[in-house]
Amino acid sequence: MSETTLEALGGAATPPAQFGHDALVVCDNLVRIFQSGSVEVQALQGLDLLVDEGEMVAIVGASGSGKSTLLSVLSGMDAPTAGRVRVGRWDLMAMHARDRVAYRRQMVGFVWQQTSRNLLPYLSARQNVAMPMTAGGRRHRVARAGELLDLVGVGHVADRRPQEMSGGEQQRVAIATALANEPQLLLADEPTGELDTTTAREVFDALRTANREAGTTVVVVTHDSAVSGLVERTVAIRDGRTSSEVLRRDAGGDVTHEEYAVMDRAGRVQVPREYRDALALTRRVRLALEADHVSVWPDGSAR
Ligand code: ADP
Ligand code: MG
């Protein structure tokens, strides 16, 4: 084949843009199967999720729906069984052990639910935050740690050890620690799970500050159903798949919440149970394309 023919072919066949090519986080048909003995658990069953740079997204779902499994995959601690997962330039499916270490140091920060798991008990708050820092000399790191503690509203505990702080203060120090290396993505798995409502709100505010002031993209798992009022997007996971999304819109002081069903890439949509029950929608439904929407009728309904 001559060079001109190759050029002509290249020009004619522009490949279609890949799913989520401009998103920061792309989960494409993600599967994670755990094998324990003869029992197989499908924790993620073809999960699709896109998160744009700069977003703050809450993930909700019943216990056992796969939320922690998803966050473990995104943090680089666990590898999926199948599917595609990319964060920034990092392809988490094809990542080698050495890259995994670099990814976890440079790209993501992580906050756990158990306050004791986030901080070293024998170090002060400031030392905890400075500890993972890789850039700059000691003096720079200590100053930077102080700034991060101030950012999340816990500058006053800088010289205290974890056991001398409240649970909410510990979680906010944990957020500052997770931000130590300026990660692009901050992951938090039920960071307010052990806290009362008021304290939980302060921790949530700290995550939002990280998102707005530091520009960090935040994915936070929570079982607090009131969170959809606090974040722009809430994604619900059911049985290892994303099932619905609630978008919060703030139009000149008027806040509205709209619930969306999630369509997967094959075009599948889950019809909520109450809709199915109300119209006895079962195995087969009739679809019709209208000018600006799609109608769904029960099988056997009059045309
Ligand atoms: P969630 O965080 O939403 O409560 P998880 O992601 O922890 O859910 O768990 C999803 C499913 O996967 C559950 O059925 C759980 O028992 C199972 N699972 C999670 N981790 C493991 C593991 N390491 N080995 C076996 N099964 C697991
Ligand atoms: Mg969990």
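Modeller: Happy to; we can start with the whole chain and then go to the details.

Modeller: This is a predicted model, where local features need pLDDT of at least 70, side-chain atom pairs count only at pLDDT 80 or more, and totals for chains, interfaces and linings use all residues. Residues are numbered from 1 along each chain as its sequence is written, chains are lettered from A and ligands numbered from 1 in the order in which they are written, and side-chain values use heavy atoms, with hydrogens and water left out.

Colleague: Thanks! How many helices and strands does the chain have?

Modeller: The chain has nine helices and 13 strands; these are DSSP runs numbered from the N terminus, with helices being H or I of at least four residues and strands E of at least two. Along the principal axes, its C-alpha atoms fill a box of roughly 75 × 65 × 55 Å.

Colleague: And what share of the residues is buried?

Modeller: Of 303 residues, 43% count as buried. Buried means under 20% relative accessible area, using a 1.4 Å probe and protein chains only.

Colleague: On to the ligand. Which residues surround ligand 1?

Modeller: The shell consists of Phe34, Val41, Ala43, Ala62, Ser63, Gly64, Ser65, Gly66, Lys67, Ser68 and Thr69, each with a heavy atom within 4 Å of the ligand. By class that is four nonpolar, six polar and one charged residues. Here Ala, Val, Leu, Ile, Met, Phe, Trp, Tyr, Cys and Pro count as nonpolar, Asp, Glu, Lys and Arg as charged, and the others, Gly among them, as polar.

Colleague: Which element gives the most to that shell?

Modeller: That's α2, with three residues. Both β2 (39-51) and α2 (67-74) supply at least two residues each.

Colleague: Which atoms lie by the oxygen atoms of ligand 1?

Modeller: A backbone N or O atom of Gly64 lies 2.7 Å from a ligand oxygen, and one of Ser65 lies 3.2 Å from a ligand oxygen. For Thr69 it is a side-chain N or O atom, 2.5 Å from an oxygen of ligand 1. Taken alone, ligand 1 exposes 570 Å², and the protein buries 60% of that; the areas come from the Shrake-Rupley method with a 1.4 Å probe.

Colleague: New topic: how many residues of α7 are buried?

Modeller: In α7, 11 of the 12 residues are buried, so the helix is largely enclosed by the rest of the structure. Among them are Glu169, Arg172 and Ile175. The cover over those buried residues includes β6 (108-111), α6 (138-151) and α8 (197-213).

Colleague: And how far does α7 reach from its first C-alpha to its last?

Modeller: Helix α7 (residues 167-178) reaches 16 Å, close to the 16 Å expected at 1.5 Å a residue. The expected span is 1.5 Å times one less than the number of residues.

Colleague: I was also looking at Thr217. Is it buried or exposed?

Modeller: Thr217 is buried, at 0% relative accessible area, and lies in strand β8 (residues 217-221). Its side chain reaches the backbone nitrogen of Gly54 at 2.8 Å. Setting aside neighbours within four places in sequence, Thr217 is in contact (heavy atoms within 4.5 Å) with residues including Leu24, Val51 and Asn211.

Colleague: Last one: where does Val231 lie?

Modeller: Val231 lies in the loop between β8 and β9 (233-238), and counts as buried at 1% relative accessibility. Not counting residues up to four places away in sequence, Val231 touches Met56, Ala58, Phe204 and Arg248.

How values were computed. Polar contact = N/O pair within 3.5 Å; in protein donor to acceptor, adjacent residues only side chain to side chain. Buried < 20%, exposed > 50% of the residue type's maximum accessible area, 1.4 Å probe, protein only.
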